[in-house]
Amino acid sequence: VADENVTLCVTGNGDVLEPEHGIMAIGSGGNYSLAAALALADRKLSAEKIAEKALTIAAEICVYTNGNMVVETLPAKQ
């Protein structure tokens, strides 16, 4: 669950978790993607570019992570 201010993970048990540093990754390559995103977060990249690069890195490391992706963004508030 996410909006322009916060990202939360609702687990299968109904727990609501807020990730450290505002960055979250799930799935088979989630740990690789999270590590890459954390490493990229201090650079002057958009959130979309960080997500794309992190997922690409995860797909190169984890054989279960597909490199095909669609990055969806929330529109900026006016």
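The largest nonpolar core is made up of six residues: I23, A36, A37, L40, I50 and A54. A nonpolar core here is a set of buried Ala, Val, Leu, Ile, Met, Phe, Trp, Tyr and Cys residues joined through side-chain atoms within 4.5 Å. Buried means under 20% relative accessible area, exposed over 50%, and partly exposed in between (1.4 Å probe, protein chains only). Helices α1 (30–40) and α2 (47–61) each supply at least two residues of this core. With three residues, α1 gives the most to it.

The model is predicted: local features need pLDDT of at least 70, side-chain atom pairs count only at pLDDT 80 or more, and totals for chains, interfaces and linings use all residues. Residues are numbered from 1 along each chain as its sequence is written, and side-chain values use heavy atoms, with hydrogens and water left out. The predictor's confidence in each residue is given as pLDDT, from 0 to 100. Its mean over the protein chain is 90. A value of 70 or more is reached by 100% of the residues. Among the elements, strand β2 (residues 16–17) has the highest mean pLDDT, 96. The lowest, 93, belongs to α2.

The protein chain holds two helices and two strands. Both kinds of element are DSSP runs, numbered from the N terminus (helices: H or I, at least four residues; strands: E, at least two). From the N terminus on, the order is β-β-α-α. The C-alpha trace spans about 35 × 35 × 20 Å along its principal axes.

Helix α2 has 15 residues. From its first C-alpha to its last it reaches 21 Å, close to the 21 Å expected at 1.5 Å a residue. The expected span is 1.5 Å times one less than the number of residues. The buried residues of α2 are I50, A54 and A58. Seen down the helix axis, they fall within an arc of 65°, so they line one face of α2. The arc is that of the directions from the helix axis to the C-beta atoms. Their cover includes α1.

A37 is in contact (heavy atoms within 4.5 Å) with I23, I50 and A54, leaving aside neighbours within four places in sequence. Across the protein chain, contacts between residues at least 6 apart in sequence were also examined; 25% of these join residues at least 24 apart.

Of the 78 residues, 17% count as buried. The accessible surface of the protein chain comes to about 6100 Å² (Shrake-Rupley method, 1.4 Å probe; for residues, only the protein chains shown count as cover). Carbon and sulfur atoms account for 52% of this surface.
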